Amino acid sequence: MKATTAAPSTGASGSGSALPAGSGNARTATRIAPHSHIKGLGLDNEGFALPSASGFVGQNIAREACGVVVDLIKSKKFSGRALLLAGAPGTGKTALALAISQELGSKVPFCPMVGSEVYSTEVKKTEVLAEVFRRAIGLRIKEAKEVYEGELTELTPTESENPLSGYGKTVSHVVIGLKSVKGTKQLRLDPGIYEAILKEKIVVGDVVYIEASTGAVKRVGRSDAYASAYDLESETYVPLPKGDVHKRKELVQDITLGDLDAANARPQGGQDIMSVMSHLVKSQRTEVTDKLRREVNKVVKGYVDQGVAEVVPGVVFIDEVHMLDIECFTYLNLLLESPMAPTVIFATNRGTSLVRGTDDVVSPHGIPVDLLDRQVLAVTEGYTKEQVAAVVQLRAQVEGLTLGQGVLDKVAGEGERASLRYALQLLAPASVVSQLAGRSEITLEDIGEMNELFLDAKTSASMMGDFEGGLKR
C-alpha cells in the first residue's frame with residue numbers, strides 16, 4: 001500500500017475531532033457491532049428527543065414516536081398492534097427497533113428477523129412466523145420453595161431387613177445433619193433422597209441444597225472450612241450458608257412460550273446408543289402442532305390464574321417486511337388478533353410497490369391495506385452533513401479511533417454525497433492503513449486512499465453504466 005511508506009503525521013488534531021485512541025491490545029479487544037453505540041431512544045423526561053443522546057443523532061420525530069410506543073407497551077395497551085418504520089436505507093430503522101428493546105429492558109423478549117427468513121425448505125412460512133411470535137411471549141414464573149441449606153455434618157443411613165428377601169438388608173431412612181451460620185438441624189429423610197446424595201457424590205463437609213417439596217438434592221460445593229493453602233485446587237469452596245437451615249426462597253424464572261413448545265414437541269427417546277445416534281442424525285426442524293400450542297396455552301393460563309406466573313409480551317421485529325408474500329401477510333392478521341400476541345415492529349425501505357405473491361395488487365410499502373390499517377407509521381429522514389459528522393465522531397469514539405485534522409469534515413462530506421453507511425465503513429480500513437504507516441491517528445491521506453480502493457454504490461454503478469454503454473456501441 002502507498003500508506004506504508006508515508007512518514008508519521010505530526011499535525012495537530014482539529015478542534016472537536018480528536019478522539020481517544022484505543023489501547024491497541026488485541027487480547028482485550030471486543031467485537032463491535034454496527035449498533036453497539038445504541039443505548040436507548042435518547043428522550044428527556046417529557047418524551048422529547050434530545051439532539052444527541054444514548055447513541056442517537058437526529059431522527060427526532062421518529063424517536064419521539066417510538067417513545068410513545070414504548071409507553072404503550074409498558075402499560076400493556078399496544079398488544080395486537082404493529083409499528084411500521086419506513087425510510088430510506090441507512091436512516092436508522094434497525095437502530096430504532098434496538099433502542100425500543102433497550103428501553104423495555106433485558107427481561108422483555110426481543111426477537112428480530114428478516115422477511116426472507118420465512119422461505120425455508122424444512123418448515124412452512126406460517127410456521128416460521130408462529131415460532132417467532134411464540135418466542136416473543138415471555139412467561140415469568142414466581143415460585144416459593146421451602147429448602148434446607150447448609151454444610152453436611154452427619155450422614156447416617158439406617159438399614160432394616162428387606163421385606164422382599166430374607167437374605168439382604170435395605171436402607172429404611174437416612175439421618176443427616178446440616179449446619180448454617182445461625183444453627184444446626186438434624187433431618188430424617190426418605191431412602192430415595194439417600195440415593196440422590198450418593199448419585200451426587202456428596203460427603204461430610206459439602207454444602208448441600210435440598211428442596212422440601214420434591215426432595216431434589218444439589219451439591220453447591222465444598223465448605224470453605226476445609227480449604228487448604230494450595231495454589232491450585234480442583235475443588236470449589238463456598239462459604240457457610242447464611243440464615244437458618246430451613247428457609248423459604250422466592251425463585252423467579254423467565255422462559256418463553258417458544259421454549260415450552262420446543263420442550264414438549266421434542267421426542268423423549270430411549271437412553272440406548274441407537275436412540276442417541278438417531279437423535280443426532282435427525283437434525284431437521286420439526287413443526288409444532290396447533291394442538292400442542294393450545295395445550296401449552298391451557299397450562300400457562302392455569303398458572304396465571306393461580307398467580308404463579310405472569311405473561312410478559314415481548315417484541316417481534318421484522319426487517320425488510322416487503323419480502324413477505326400475501327400468505328404471510330394474511331397469517332400475520334391472524335397472529336395479531338391472538339389474545340397473547342406480542343408487539344410487532346415492521347421496517348421497510350419500499351414506497352408503493354407490488355405485494356409479493358400477487359400479480360396486480362399494488363400497495364404502499366408492499367403491504368396489503370388490511371394489514372396497514374392495523375399499524376402506526378413512523379418515518380425516518382435523511383441525515384444532514386452535521387448529523388453525519390456527529391455519528392462518525394460517535395462511532396470513532398466507540399471503536400477507539402483518533403481522527404486527524406480535517407478528517408471528520410472529509411468523512412462527513414462523503415456521507416452526505418454517498419451514504420452514512422459508506423462514510424462509517426471508511427473508518428476501520430483507514431485505521432489499519434494508518435497503523436501500518438506507524439501513525440496513531442487517521443489522516444486525510446488515509447481517507448483518500450480508501451476512496452480509491454473502495455468505491456461507493458453510486459460511483460460503481462456509474463462506472464458500470466459507462467462500461468455497458470461502451471459495449472453497446
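In the predicted model, strand β14, which spans residues 343-348, is mostly covered, with six of its six residues buried.

Strand β14 is paired with two other strands. Strand β3 (residues 82-86) runs parallel to β14 and is joined to it by five bridges, and within this pairing A86 stands opposite T348. Strand β13 (residues 315-319) is likewise parallel to β14, to which it is joined by four bridges, and F317 has I345 of β14 as its bridge partner. Between β13 and β14 the chain passes through helix α8 (residues 326-336), forming a β-α-β crossover that is right-handed.

Helix α10 (residues 385-398) was examined for its length and for the placement of its buried residues. Its 14 residues should span 20 Å at 1.5 Å a residue, and the C-alpha atoms at its ends are 20 Å apart, which agrees with that expectation. The buried residues of α10 are V388, A389, V391, V392, R395 and A396; seen down the helix axis, these buried residues fall within an arc of 165°, and they therefore line one face of α10. The elements against which the buried residues of α10 pack are β2 (56-57), α11 (407-417), α12 (420-425) and α13 (427-436). Just after α10, G400 adopts a positive phi of about 70°.

How values were computed:
Residues numbered from 1 in each chain as written. Predicted model: local features only at pLDDT ≥ 70, side-chain atom pairs only at ≥ 80, totals over all residues. Heavy atoms only, no water. Buried < 20%, exposed > 50% of the residue type's maximum accessible area, 1.4 Å probe, protein only. Pairing = 2+ DSSP bridges. Right-handed = clockwise from strand over helix to strand, strands pointing away. Expected span 1.5 Å × (residues − 1). Arc of directions from axis to C-beta. Contact = heavy atoms within 4.5 Å.
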